[in-house]
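Me: I am new to this structure. Could you take me through some of the terms used for it and what backs them up?

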Protein chains: 2
Amino acid sequence: MMEPRFSRRGFLVGAGGATALGAGGVAFDGAHAPAAAQEGGLPDYAAWKDADALIIHSRNTMETKRGAVGSGGLTASDRLFIRNNLPSPDASITADPDAWEIAIEGVARPGTMTLGQLKRLGVTSEASVLQCSGNGRGFFTHGASGSQWLTGAAGCVIWTGVPVAAIVEAMGGPAEGATLMTSTGGETLPDGVDPASIMVERSVPIAAHAHAMIAFEMNGAPLPLTHGGPARVVIPGYYGVNNVKYVKRLAFGTQESGAKIQTSGYRVRPVGEGGAASQPSMWDMTVKSWVTHPLTDPGSGRVQIHGVAFAGPERASGVAVSLDGGQSWEQARFYGPDLGRFAWRSFVMEADLAPGVYAVASRATAEGGSVQPEDFPPNERGYGHNGWRAHAVELTVA
Amino acid sequence: MMEPRFSRRGFLVGAGGATALGAGGVAFDGAHAPAAAQEGGLPDYAAWKDADALIIHSRNTMETKRGAVGSGGLTASDRLFIRNNLPSPDASITADPDAWEIAIEGVARPGTMTLGQLKRLGVTSEASVLQCSGNGRGFFTHGASGSQWLTGAAGCVIWTGVPVAAIVEAMGGPAEGATLMTSTGGETLPDGVDPASIMVERSVPIAAHAHAMIAFEMNGAPLPLTHGGPARVVIPGYYGVNNVKYVKRLAFGTQESGAKIQTSGYRVRPVGEGGAASQPSMWDMTVKSWVTHPLTDPGSGRVQIHGVAFAGPERASGVAVSLDGGQSWEQARFYGPDLGRFAWRSFVMEADLAPGVYAVASRATAEGGSVQPEDFPPNERGYGHNGWRAHAVELTVA
């Protein structure tokens, strides 16, 4: 075993990973009340969640603890992270899911369909990683505002829904020249506020509709309100924000949404700059992995080092693990069911650990050849961090 | 569309399938209190279950409603059936899963290991169908005693655990000439009763150990007490009873267990005969499928007919659907992630239904060529029913 060495950057210190912050752990911005402000734990709309498995950042932002992600390739529904841009609508909207109405616009024969009617058009299931654009923000060192997510604003679940392609086909195809698909959320907007300033409405390239669905089930149960039930858009391979909850409108056209969340929000730009439509939008995800076990001293001897790896719209093809902060790497092995190209894979590497200090890192590769980078450049809002060095854990074996 | 015709046997009548009984619905035997006796619904050890998705036969026997199985290929944990031969041990045994001890016997270096120690030896995940031997008993017409399960004493979940092969290898290999693997459950046995008369201990052919695991997770969360936590044996492709819960001993040898559950229980024999070790034991499962949607009038027009199909230790290779009680068949399509050979697949067939009465049946085929039979012969305890005719549903379209 090589003597472990460290970069000048701090590695995460063990302690279950649950409460650790990256080197850049900073105060929450005004929009997100810190966990300490949440008297009594889980809010009503998420009362069914497993609080022990979550870090509660605020009423609308909770992440899965690093060690609680499970090792079967699938995230249990009661452990999946929550990130709501606005408060959930009233729970009554899930009482009769099939009665939920969705307007389909920008097609040859536009109209409003109930979920029950849409279900008659087709069905599809797809496992995919759901990940917040800001997952890993807590590992940046420049003080990006927003929830200080570590690894847990991500999970992998099985969605079942109506293929958007089947809906579009049944309605005569998209309007000629359409380049975008725009989804509008069914949140109740407060009076006296310009809707465009807070509404959840996202546009994505129309090509994404080939794999998109109107999801009504998650992990074999009706989609709960907490995750966008009765129906949400799911675009496998795309960041969470594009998977619009309680979707009430799906439109095809050439104009990006004028909502702030589209025009200036979720835009990647240099630190200090404002958001603008000319900057890249948080659409498809990138190749990423992290170690989930062990996070505390396992004792010396043989151990199984676990983690998860995915590659957004591509299939993850492999992952290497380093015990010495990236000086040497060894190929890990995927195990468990392959849930498809948009899912993550569980990986494991067996290691015999002598007493010492280890900097345990993982580095995933995508089928197309892209490799998880060592570092990821800071950006104003702290989006898209997939640098393997900051995601490494320091492990002390006594 | 052909005019539907029916066999002289009764088909299930719609009504959600939830409360319907097969033609042979009979009284429960003394060992199983009927649901009506369960004041207050779910017992404490299963209080986290989704009662609306279950038919509660007794305190220890609950099945998933036919329409509640979900359509993503995976059964949600809170919808999975429960069948306990004995009351669960105290919940305290899951407080520190890694401290749970399992004796490994009939190997070169026998000994007792904690689950924490075993986890260091390896990890595997496998999706597999868990099905009670008596699933479908309610469709027999000869009055077999026991819970009158319809379709729902079955589910498909993802297990994560320690490969039994890795444990055996670490302990020097199985005893020479061993032909069987025997698992002993950790239930507390009442005083004053011959342990062999009620203990849960099952022997299976040693070849089964190649795919077996000591499971500690189910669907991405720690295995709950309700399903055998902290650790149970999982033998993909084998009937539920062999997947011994709260396993405390794993032994390799040449003698089948002397427990009644092995010697005379779970033996397939003609109606009226007693159980004996000379009769076939309920080991590996057979090819089977059933329709899960629609179960009530969907209204005329295009509908998606859904169901699940599996083939025990083999991969299900296809499924055909009939709308006329088996006079004509059309190939259905599998959809969703392929969770592996031991899992079930969700299938769908699109149909345009005019008003009328339909006898909707499904017939699965296994990779090795075996086909789900039309009928399955009655046997004393009503085990193993996979006949497609009795599993069909009658659908009236107004």
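Me: What makes residues in the lining of the second largest pocket nonpolar, polar or charged?
Reply: This is a predicted model. The class follows from the residue type: Asp, Glu, Lys and Arg count as charged, and Gly is among the polar ones. On that basis the lining divides into 14 nonpolar, 13 polar and 10 charged residues.

Me: How big is that pocket, and which residues are closest to its centre?
Reply: The second largest pocket has a volume of about 1,200 Å³. Closest to its centre are A:Gly67, A:His293, B:Asp98, B:Lys119 and B:Glu217, out of 37 lining residues.

Me: Which element gives the most to the lining of the second largest pocket?
Reply: β16(A) does, with three residues.

Me: Why is A:Cys132 called buried?
Reply: Buried means under 20% relative accessible area. A:Cys132 has 8% relative accessibility, so A:Cys132 counts as buried.

Me: What about A:Cys156: buried or exposed?
Reply: Its relative accessible area is 0%. The cut-off is under 20%, so A:Cys156 is buried.

Me: How many disulfides are found over all chains?
Reply: Zero, from a search of the whole structure. A disulfide needs two cysteine sulfur atoms within 2.5 Å.

Me: How do you know that strands β5 and β14 of chain B pair?
Reply: Pairing takes at least two bridges. Three bridges join β5 to β14 in chain B, so these strands pair, and they run parallel. In β14(B), B:Ala251 is the bridge partner of B:Glu105.

Me: What joins β9 of chain B to β14(B)?
Reply: Six bridges, with the strands antiparallel. B:Thr182 stands opposite B:Ala251 there.

Conventions: Residues numbered from 1 in each chain as written. Chains lettered and ligands numbered in written order. Predicted model: local features only at pLDDT ≥ 70, side-chain atom pairs only at ≥ 80, totals over all residues. Heavy atoms only, no water. Buried < 20%, exposed > 50% of the residue type's maximum accessible area, 1.4 Å probe, protein only. Helix = DSSP H or I, 4+ residues; strand = E, 2+ residues; numbered from the N terminus. 1 Å grid on protein atoms, 1.4 Å probe; cavity = no way out; pocket = protein on both sides within 12 Å on 5 of 7 lines; lining within 4 Å. Points joined across faces, edges and corners; volume = space filled by probe spheres on them.
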